[in-house]
Amino acid sequence: MLTKQLLQNALLKLLKTVPLHAISIRELCKEAGINRTTFYNHYGSQYDLLGEISQRYLNSIEERLESADSSDRESVHQRVAMVLAYMAENRELSILLMNNNIDPGFAERIFSLPKIGDLLEAALVNCRDERKRAATISFVIHGSYKLLQDWINQEDRLPPAEESEMILNLAQRVCV
C-alpha cells in the first residue's frame, strides 16, 4: 500500500506542472523513489494509476451521497454539503480532476454516479415530457458541474453548506 501511495503522490505532484501524456514511467518512479519493476507490479501505465486515483475520489463522493433520501430536501442538502467538504479537503486533487486537464471524461463519470441519477429523477418525477426531462437533466448536470468547478477554483469560497444550498436552489428552479 505504501508503494501505491508513493506513486499516487508522485503523479499528483508531477501533474501540477506536466501533462499526463508527457510524464514518463521513469520520471514517475524517480519522483516516487521506486524502481520501474515495482511500478509495473502495480500498474500498466500512468493512465492506470490516474484511473485508480480518480475512481477512489468518485467512490468517496458516492459514499457521501449514498444515504441521501431523495424525498427529503434537507437530507440531500446535507449530503451535497458533505461532498463539497470532501472536495475542499482534497482541493488540489479536486482541481486537477475537475478542470479537465488530466481526465476529460471525469465530468461524465461524476454525474453518472447512480445516486446523482436517482436524485435528478426524484426532482423530475412530475415531468412527463421526455425531451424536456432530458434537456433539464443535461442543463442541471452541466450547470452544476460548472458551479462546482468555479467554487473549487476560488480561494475565497462559500462554505460547503452555502454552496450546496445555492446549487440545489438553482437546480430546483430548473426542475420545476
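**View 1. Helix α4 against helix α6.** The axes of helix α4 (residues 46-65) and helix α6 (residues 91-98) cross at roughly 110° and come within 11 Å of each other. Axes are lines fitted to C-alpha atoms, for helices over the stretch in contact, and angles run from 0 to 180 degrees between N-to-C directions. The model is predicted: local features need pLDDT of at least 70 and side-chain atom pairs count only at pLDDT 80 or more, while totals for chains, interfaces and linings use all residues. Residues are numbered from 1 along each chain as its sequence is written, and side-chain values use heavy atoms, with hydrogens and water left out. α4 and α6 are therefore roughly perpendicular to each other (65 to 115 degrees; under 35 counts as roughly parallel, over 145 as roughly antiparallel and the rest as oblique). α4 passes α6 in a left-handed crossing (the near helix is turned anticlockwise from the far one by less than a right angle; clockwise is right-handed). From α4, L50, I53, S54 and Y57 meet L93, S94, L97 and M98 of α6, where contact means heavy atoms within 4.5 Å. The contact of α4 with α6 holds six nonpolar, two polar and no charged residues (Ala, Val, Leu, Ile, Met, Phe, Trp, Tyr, Cys and Pro count as nonpolar, Asp, Glu, Lys and Arg as charged, and the others, Gly among them, as polar).

**View 2. Helix α1 against helix α4.** Helix α1 (residues 2-15) packs on α4 at an angle of about 100°, with the axes 10 Å apart. α1 and α4 are therefore roughly perpendicular to each other. On the α1 side the contact is made by K4, L7, Q8, L11, L12 and L15, and on the α4 side by Q46, L49, L50, E52, I53 and R56. By class, this contact has seven nonpolar, two polar and three charged residues.

**View 3. Helix α5 against helix α9.** The axes of α5 and α9 cross at roughly 45° and come within 10 Å. α5 and α9 are therefore oblique to each other. The crossing of α5 past α9 is right-handed. L84, M87 and A88 of α5 make the contact with L148, W151 and I152 of α9. The residues of this contact are six nonpolar, no polar and no charged.

**View 4. The largest pocket.** About 680 Å³ of space lies in the largest pocket (on a 1 Å grid over the protein atoms alone, an open set of points where a 1.4 Å probe fits, with protein on both sides within 12 Å along at least five of seven lines; lining residues have an atom within 4 Å of a point). The lining has 28 residues, and V76, V80, L119, L168 and A171 are the closest to the pocket centre. α4, α5 (73-89), α7 (106-111), α8 (114-123), α9 (130-153) and α10 (160-175) each supply at least two lining residues. α5 gives the most, with seven residues. By class, the lining has 22 nonpolar, four polar and two charged residues.

**View 5. The whole chain for reference.** The protein has ten helices and zero strands (DSSP runs numbered from the N terminus: H or I of at least four residues for helices, E of at least two for strands). The C-alpha atoms fill a box of roughly 55 × 35 × 25 Å along the principal axes.

Note on methods:
Points joined across faces, edges and corners; volume = space filled by probe spheres on them.
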